Structure formats: structure tokens, C-alpha cells
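Here is a short briefing for a first look at this structure. Please keep the sequence and the 3D view side by side while reading.

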Amino acid sequence: MNRRELMGGATAMAAALAVDPHALAASLRVKPSPVDARTGPGHKLDPGRHRFGVNYTPSRNWWFCWNDWDPDPIKRDLDAIAALGADHLRVLLIWPYFQPNPRYVSTLHLGRLDQLLGLMEERKLDALVTVFTGQLSGWFFLPPFNRAGEGFYTDPAVRAAQELFVRELAKVMNPHDNLIGYDLGNELNTCWSGSTAAGDAWMTKMFSLMESVLPGQLNINGVDQAPWFESNTFSPRALVARQIMPVMHCYPYWSGAVRYGGAMDPPSVGLLAAMAALIRSYAGTQQKPVWAGEFNTCIEQLTEKQQALWLEQAVTAALEEGVSWFSYWDSHDVDRRFDFNSLEYSLGLLTNDGRVKEQGRVYQQLAASYRGKPVTFSKRSLPAPPAKSTTDAAWKWMLDWLGWRSPA
């Protein structure tokens, strides 16, 4: 099943609850992530300054390349990404490739990650490294020792394997100076869903481990849109309390924005801004940094020029709302010789053979204009989040926040 189908084409939004974030964190029995020198003003991890990056999709053999390694096309990819003005990449590990047994992590694959981080470092590209990626672009990559659903978060044997993987990754990552940190995985809740009690407790423990083995980094949980819109594995309040900069994945097609207007109407081009408002409503402050960790239209009918126009309008609206960092999905189109949902083939800033697309040129202009500049956080007041944790209630809130009435 495609990961997006798990959402049923739905989405949601929410907004402000005026509470103290530290009191909120205490009520959740999790401590807020500290702001240290690594995330302070002027540092590369400073959430108060804009950054622009991409989700990397290798042009040769997609992420199957972990098993068919050739650094030369990767070097060409990284050169092209750097030329667009990107300053960071989200790197997608495939968990069962790296850890085929609960007591063993592949030294071969760890060495390939080490080489990739080095190649990125040479090009001044920072790295966000995903960990438990069991689902990516609609395909499932489950380890042989998998436990379905909530067992992923509660089974002691799986927890031991997870901790081993995190520790082994840290040994490779620590020597590199171009790290952002860990991403727990790619949209974990689409692969392993469970109660928010189990998900929140697991997230807190895993972040604590990551902070101990790779200190001073900015670690995130790259969930899809569902937990922000309805009860799904991780609670919004834990996500904002436990992360310095919560992450949102924004897609008009998959989120359901297209049910409320066209591709260039406010529900679509305002999705990043509205989702940031939702996240801040749960944080109780407009000053909570937000990272657009994945975004694209995923509207297959759009031309390159239309996609470029959407990109310009969506990012501009998000900048005005004070979104801090942007990581576009994705760097390169996917080779059509592979079997994917047709939407996945044409999402890149570059074609599979390296041509810069119209949206690539717009991205380059946006990055050149805003990268490194201070974030202006919104002073706009926010209503309380939806009283009900449902997609319909959340979308009603979002449309009200946008001031948009759907065409009859």
C-alpha cells in the first residue's frame, strides 16, 4: 500500500493554545529540548535563520544505491544540488540494508554512509540522517526482526536492536563536522502506528539516546501530516515539547487541500504557512521554530512552470509566517525504469539526467534571497486548536485561519 493511501487523502490543521511550553512539557512528563551553543544565534543549526535544503534522491538507482554503490554519480548529484544553493540534505537510510539482524549492523553500509557524509562535507552540504526508514515513497522496507504496529515501540527485543543501530551510526557520524543530527525515520507512523502513549514514550527515550551518543545536534521526528491533524502514534503536544524545531511534511495532493480549491488557491499555496500555525498552536507560542521537512504539490497534472509558481508562492507565504528551514522533496526525478506510483517520477528540482527544471531555478532564487537571513516570526494571533482531533475539524480550522471559503 502506498504510504499516502494510509491517509485516505485527508489532512488537517489547528491553532493556538496560550500555554507555557515548559508547563506543557511537564504535564507530558517530557522535558523540552535545551537550546545550547549548537542551536544558538549565529550557529549553523540556529533555527532563527533560514536554511534551504533538499531530500536527496540519487539519480542512479535511487536509494537502492546503498546496495549497488558507485560514488561517481553521487558526486555529480551533489555538485548539482550545491549549485542550486542548497546547504543541507536529508539522507534516507534503508533500515534493513544497514541492519539485517538485530545484533548486527553492516560495516559495508556504514562505510558507504561515511563516504557520503565526506562527499557532502567537501561541498559544504550538511546532513540530516534518517534512521528507522521502513517506508519510503510508497514502498515498505521492513527489517527481518520487525514487529508490526505498536510492537515497534514497545517490544524490548526490537528496542535493543534500535539502540544498537543508533549507537553504531553515531560512531560513523561523530567524526564529521557537517551534521544536523538524526531524523528518527521517514514518517514512522505510516509504517508502524500505535497509541500516542506508546509513541510519545518511545520518542522521548530515543531522543535521549541520540542526544547522549551524538551530543549537540538537532534531532527530529519526521512524521507525515497525520499526527498534526488527528490522533496518530505521536501527539502534537509531545512533538512540540520534545523538539527544538518540529517538522512538517506538506503536500496539497496527499493532505486533501485539493478538495478545497485549485492548485494555486490558498488551501494549496498556503499549506506550509497554515501547518506552521497549527504546530505553534500546540506549542502555545508564535516563536516556536518550524521546519518544512518535505514539501511539493504531488499534483501530477502541473507543468514545470506551474510547479515553479506554486513553489514560489508557497515558500513566500511560509516565509511570511516565519517558517525557519525548508527541505524540498526532492532533488532528482526518479528513473522510470523502477516501479513507483507515477507521482513519484517527476518531483525533483532536477531531471534524472541532471537538467535544472523550472522549479529548480525558482528554488535557486529563493535560496539565494533568504538563506542565512533572520526569521521573522509571526505576530498574528492564533485561535485555539480544534476541539476534536479529527481531519474534518482540523481542516475547518485551517480554512478559517486562511480566510477561505471553498467554491460551491
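In what order do the eight strands of the open sheet lie? The order is 7-6-3-2-1-10-9-8, and the pairing is parallel. Two strands count as paired if DSSP finds at least two bridges between them.

This is a predicted model, where local features need pLDDT of at least 70, side-chain atom pairs count only at pLDDT 80 or more, and totals for chains, interfaces and linings use all residues. Residues are numbered from 1 along each chain as its sequence is written, and side-chain values use heavy atoms, leaving out hydrogens and water.

**Overall make-up**

- The protein chain has 15 helices and ten strands. Helices (H or I, at least four residues) and strands (E, at least two) are DSSP runs, numbered from the N terminus.
- Of the 408 residues in the protein chain, 62% are buried. Buried means under 20% relative accessible area, exposed means over 50%, and partly exposed lies in between (1.4 Å probe, protein chains only).
- The protein chain exposes about 15,000 Å², and carbon and sulfur atoms supply 53% of that area. Accessible areas come from the Shrake-Rupley method with a 1.4 Å probe; for residues, only the protein chains shown count as cover.
- Take the contacts in the protein chain with a separation of 6 or more: residues 24 or more positions apart account for 81% of them. Contact means heavy atoms within 4.5 Å.

**Confidence**

- The mean pLDDT of the protein chain is 90, and 89% of its residues reach 70 or more. pLDDT is the predictor's confidence in each residue, from 0 to 100.
- Over residues 1-37 the pLDDT is below 50. Beyond near neighbours in sequence, this stretch has 114 contacts in the model.
- Where pLDDT is low, predicted coordinates should not be read in detail.

- Strand 7 (220-222) and strand 8 (247-250) are the edge strands, each pairing on one side only.
- Neighbouring strands of this sheet are turned by 25° against each other on average, direction ignored. Axes are lines fitted to C-alpha atoms, for helices over the stretch in contact, and angles run from 0 to 180 degrees between N-to-C directions.
- Strand 1 (residues 51-55) and strand 10 (residues 325-329) run parallel, joined by five bridges. Here Phe52 stands opposite Phe326 in strand 10.
- Strand 9 (residues 291-295) is mostly covered, with five of its five residues buried.
- Four bridges join strand 9 to strand 8, and the two run parallel. Trp291 in strand 9 is the bridge partner of Val247.
- Strand 9 also pairs with strand 10 in the parallel sense, over two bridges. There the bridge partner of Trp291 is Trp325.

**Helices against the sheet**

- Helix 7 (residues 196-213) lies across strand 6 (179-186) and strand 7, running at about 150° to strand 6.
- Helix 14 (residues 358-370) lies across strand 1 and strand 10, and runs at about 150° to strand 1.

**Nonpolar cores**

- The largest nonpolar core has 119 residues, and Trp63 and Trp66 have the most contacts inside it. Helix 12 (residues 271-283) gives the most to this core, with eleven residues.
- Apart from this core lies another, of nine residues, among them Leu128, Leu218, Ile220 and Trp291.
- A nonpolar core is a set of buried Ala, Val, Leu, Ile, Met, Phe, Trp, Tyr and Cys residues joined through side-chain atoms within 4.5 Å.
- Not counting residues up to four places away in sequence, Trp63 touches residues including Tyr56, Pro58, Val91 and Leu136.

**Loop residues to look up**

- Most residues other than glycine have a negative phi, and most peptide bonds are trans.
- Lys124 is not a glycine, yet has a positive phi of about 60°. Lys124 sits in the loop between helix 4 (107-122) and strand 3 (126-130). Lys124 counts as exposed because its relative accessibility is 71%.
- Thr233 also has a positive phi, near 70°. Its loop runs between helix 8 (226-229) and helix 9 (236-242). Thr233 has a relative accessible area of 0%, so it is buried.
- The peptide bond from Trp329 to Asp330 is cis, with omega near 10°. Asp330 lies in the loop between strand 10 and helix 14.
- Asp70 lies in the loop between strand 1 and helix 2 (71-83). Asp70 counts as partly exposed because its relative accessibility is 26%.
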